[in-house]
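This briefing sets out the architecture of the model shown below.

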Amino acid sequence: MAQINLLQAINDALDIVMAENDRAVCFGEDVGHFGGVFRATSGLQEKYGKSRCFNTPLVEQGVIGFANGLAAQGSTAIAEIQFADYIFPAFDQIVNESAKFRYRSGNEFDVGKLTIRTPYGGGIAGGLYHSQSPEAYFAHTPGLKVVVPRNPYQAKGLLLASIRDDNPVIFFEPKRLYRASVGEVPEEDYELPLGKAEVVQKGSDITLLAWGAQVEIVEKAAALAASDGISCEIIDLRTILPWDIETVANSVTKTGRFVVSQEAPLTAGFASEIAATIQQACFLHLEAPIARVCGMDTPYPLALEKEYAADHLKIFEAIKTTMTY
Amino acid sequence: MNTDVYSESKVVHQPAFIDGHSVEIPILKILKQDGSIYENAAMPNIDQALATKTYKTLAFHRVLDERMVAAQRQGRISFYMTALGEEAASVGGAAGLKDQDMIMAQYREQGALMFRGFSLENFMNQMFSNEKDLGKGRQMPIHYGSRELNYMTISSPLGTQIPQAAGYAYGQKLQGLDAVTICYFGEGAASEGDFHAGLNMAAVHQAPVIFFCRNNGYAISTPSEEQYVGNGIASRGVGYGMKTIRIDGNDILAVIAAVQLARAYGIKEGKPVLIEAMSYRLGAHSTSDDPSGYRTREEEAKWQEHDPILRMKNWMLAQGWWDEAQETALFEKLRDEVLAAVKVAEKIDKPPVEDLITDVYDQVPPLLQSQFDELKEHIKKYPKAYPFSAGRIK
C-alpha cells in the first residue's frame, strides 16, 4: 500500500471511475488542464480528453444545472464547486432540483448519477469565504446524501461509493487536510459504505462524535482526556445525511455521556439535530447533558481564527464538564 | 486566449456607444392569417400526414384547455394553465423534432406532450393527482412528465431547466446520439440567472440545445416592457455567440421551419440555437389569475386576430387537407372525450400512503421508514381525520 495524501486519494478515485466508465465526466472552474486549484483533477484531462474533463465558465448555478441535466441524461456527472463557500449560487439547483428530481417525477427521471465535490472548512487562514462548513443547509433537504471523509483512505472509499450511489451526493472535502493528511491507501478499487458511521476508537466513559477534519481535533482532545484517566469512544459520522443513528445511540447507551463537535457555528448546526435525536433515543442512559462544541455564531473570522474554532482544548473542557456533571 | 477582439476589432478614435438595437433582428413569417403563404417563403418539411397530426394536436390542446379551466371553476381540480393563443410554439416545436429528442419545458408546453402521444387519460390522472398519475400525485396539475416520451417532468421553479438542458444535450452529444434537446421558457424566465448560466454553458461547451423562448408579452401581470429593455431575448443569443432566429410564434409553419433548421444545425455542428417566438398569452397566467386587472380587452382583441390555430386551419382548408365537416366532427368528438375522461379520472383513488416516502431516495432510509411507521400508527388511531388512507394501510 502506498502512502498518499487526501488529494491524491481523491484523484485516484476519480481516475478509477473515469477509466471504468466512459460516460463519467468531471468539470468545474479550473478543473481541466490546470487540474483544479487544489489539483484534485490533475492529469485527468490529459488521460481522458477535453470532452470528459473540462473547465466551466464561472457560474456555480450553471455548473450544477448542467450537472443535473447531464446526470438526468444518464451520464455520471462529477461536478466540482471550487470552495463550499461558493456553492450558494447553486443552492436552488441543488435543493429544488437535484434533491427533488426523482420524487417529483414519480421516478420517471432521477439524477442519481450526480456527485458534487467541494472543499470545505477552516483552519487555513481563509477568512469568511474560504472556510465555511455549510453541511447543515443541505442536511435539511430530503433527497440529498451528504458525505465527509476524514483521511485519505476514507476519502477514496467514500468518494467511489458516492459516485456509484444512485442518489445525488454532496461530497465535502476537508481542504485543511488535503496535503496534511497522509496515510496508507490501497491502489485497488474499494468502497466504504454511505450512511454508516465508524467507531474509530473504543472507549467506555464518554462518546465523542465528529466528522471530516474535526475528527482529528476530537482525537487530540481524547488523548488529553486519556492522560486524565478518561476513556473516550470516538465516532466518525462519515455520512451526515442520511445519518447512522444506531451506531451513535448504541455507543451513548453504553457510555452515558456524549460530546458532539463540528466546525460550523452552533445554532441550527447538524450537531443540534444529533443532540436532539440522541437525547430522545438515550434519555434514560444519559448521565449528563449532551454537549455541543462548535464554531461560534459569527461569520468565519480571519485574525481570530484560533479563538473562534472548536479546538481540542474546548472539546477537552467539555469532556471534563460532562464527566463531572 | 480570446485575443482577437483586441487585435481584430475595427479601430475608432472618437468615443461612441453602440446599443443592442444596432443589430437588426428580422422576424420570420411564412404563413399569413388568411392561410396563404408569403411570397418566396421557404416552406418547412411538412406533408399532409404531419400537417394533419399537427392540426389535430392543436385542436386537442384548445379543447383540453377550455374544458379544464371549466373543471377548475367547478372545483374539480385545484389549478390549471392554458396556452391559449400560443399553442403553435409547443405543438410546432414537437412537430419539428424527432421522437428521440428531449423536451425540457417550462410549464405551458403541454402541446408538445400531446404531439408526442401522451394519452388523455395520462393528462387527467396527473391533473386529478390520482394513483394512476405517473408522478404519483406529488405535483400540482400540469406538471407532466414521461420518460417514454422524452418529456422531462415539469419543475415549478422558473428557468431551472435551462442549464439542465445544456447538460442533457451535452450528454446526448458525448454519447453520439442522433438527438438534441429543446428547452422552452418565457421572456420572464429569461431574467433568471439560470437563463444566462444555461445559455453560456451551452455555447461554451457546444451542447446541441434548441433554446425556445416563448415571448408572450407577460410574466403573470408584468408586461415585457417592464421585464427588459434590450432588443427582445434574441439579442442575448447573439451576445452568447449563439445562432439566433426570431420568428412569428403564431405561425406554425415558421415554428416548424425554425425548429427543423435548428435541429439539423444541432446534429451537424453540435451547437446550440436560440429561437425567440413572438406571441401573446391570450389566457390568464393560470386559473389563480385575472388579467382584467392589468391589461385591456382591446389589447386582447387585437391578438385574437392572430389566432395560430385558425391560421393553420385556413392553410389546411386552402391545401384541401381539411374541411368544415371534419372540423365540426373533430371538436365535438374531442369535447365528448375530455368530459368522459374527467368523469373517469376523478373517481380513481388517491395514491397509496406508501407513495409519501418512496422516491425520496432510491431506497427508503431507516429514519424515514420509522417516521412512516409512526404515521401509520397515528392514522390508525385517528382514521376519520385521514379518510383517503385510513382504510388502505397495510
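In this predicted model, the domain assignment divides chain B into domain 1, covering 22–32 + 44–345, and domain 2, covering 353–390. Taken over C-alpha atoms, the centres of these two domains of chain B are separated by 37 Å. For chain A, the assignment gives domain 1 (2–185) and domain 2 (198–323), and the C-alpha centres of domain 1 of chain A and domain 2 of chain A are 26 Å apart.

**Sheet of chain B**

- Chain B contains an open sheet of six strands in the order 1-7-8-4-3-2, and the pairing is parallel.
- The edges of this sheet are formed by strand 1 (27–28) and strand 2 (102–104) of chain B; each has a single partner strand, so one side of each is left without a neighbour in the sheet.
- Strand 7 (residues 243–248) of chain B runs parallel to strand 8 (residues 273–278) of chain B, and six bridges join the two.
- Within this pairing, Val273(B) of strand 8 of chain B is the residue that stands opposite Lys243(B).
- Helix 3 (residues 87–95) of chain B lies across strand 2, strand 3 (181–186), strand 4 (209–215) and strand 8 of chain B, and runs at about 160 degrees to strand 4 of chain B.

**Helix packing in chain B**

- The axes of helix 5 (residues 120–127) of chain B and helix 12 (residues 324–345) of chain B are 9 Å apart, and the two helices pack at an angle of about 45 degrees.
- Because of this angle, helix 5 of chain B is oblique to helix 12 of chain B.
- The crossing of helix 5 of chain B with helix 12 of chain B is right-handed.
- On the side of helix 5 of chain B, the contact is made by Leu120(B), Glu121(B), Met124(B) and Asn125(B); helix 12 of chain B contributes Glu337(B), Val338(B), Ala341(B), Val342(B) and Ala345(B).
- Sorted by class, the contact between helix 5 of chain B and helix 12 of chain B has six nonpolar, one polar and two charged residues.
- For helix 2 (residues 48–73) of chain B and helix 11 (residues 308–319) of chain B, the axes come within 10 Å and cross at roughly 145 degrees.
- The crossing of helix 2 of chain B and helix 11 of chain B is left-handed.
- Where these helices meet, helix 2 of chain B presents Ala51(B), Tyr55(B), Leu58(B) and Arg62(B), and helix 11 of chain B presents Ile309(B), Met312(B), Lys313(B) and Met316(B).
- By class, the contact of helix 2 of chain B with helix 11 of chain B has six nonpolar and two charged residues, with no polar residues.

**Sheet of chain A**

- An open sheet of five strands in chain A has the order 9-11-10-13-14 and mixed pairing.
- Strand 9 (198–201) and strand 14 (291–295) of chain A are at the edges of this sheet; each pairs with a single partner strand, so one side of each is left without a neighbour in the sheet.
- From one strand to the next, the twist averages 25 degrees.
- Three bridges pair strand 10 (residues 206–210) of chain A with strand 13 (residues 258–265) of chain A in the parallel sense.
- In strand 13 of chain A, Phe258(A) is the residue opposite Thr207(A).
- Helix 10 (residues 270–282) of chain A packs on the sheet and touches strand 10, strand 13 and strand 14 of chain A; the direction of helix 10 makes about 155 degrees with that of strand 13 of chain A.
- Helix 12 (residues 312–323) of chain A lies across strand 10, strand 11 (232–236), strand 13 and strand 14 of chain A, and runs at about 165 degrees to strand 14 of chain A.

**Contact between the domains of chain A**

- Domain 1 of chain A gives 25 residues to the contact, and domain 2 of chain A gives 20 residues.
- On the side of domain 1 of chain A that touches domain 2 of chain A, at least two residues come from each of helix 6 (135–139), strand 6 (145–147), helix 7 (152–164) and strand 7 (169–174) of chain A.
- By class, this side of domain 1 of chain A has 13 nonpolar, eight polar and four charged residues.

Technical notes:
Residues are numbered from 1 along each chain as its sequence is written. Chains are lettered from A and ligands numbered from 1 in the order in which they are written. This is a predicted model: local features need pLDDT of at least 70, side-chain atom pairs count only at pLDDT 80 or more; totals for chains, interfaces and linings use all residues. Axes are lines fitted to C-alpha atoms, for helices over the stretch in contact, and angles run from 0 to 180 degrees between N-to-C directions. Helices (H or I, at least four residues) and strands (E, at least two) are DSSP runs, numbered from the N terminus. Angles under 35 degrees count as roughly parallel, over 145 as roughly antiparallel, 65 to 115 as roughly perpendicular and the rest as oblique. A crossing is left-handed if the near helix is turned anticlockwise from the far one by less than a right angle, and right-handed if clockwise. Two residues are in contact if their C-beta atoms, placed from the backbone, lie within 7 Å. Ala, Val, Leu, Ile, Met, Phe, Trp, Tyr, Cys and Pro count as nonpolar, Asp, Glu, Lys and Arg as charged, and the others, Gly among them, as polar. Domain bounds come from an automatic or database domain assignment. Two strands pair if DSSP finds at least two bridges between them.
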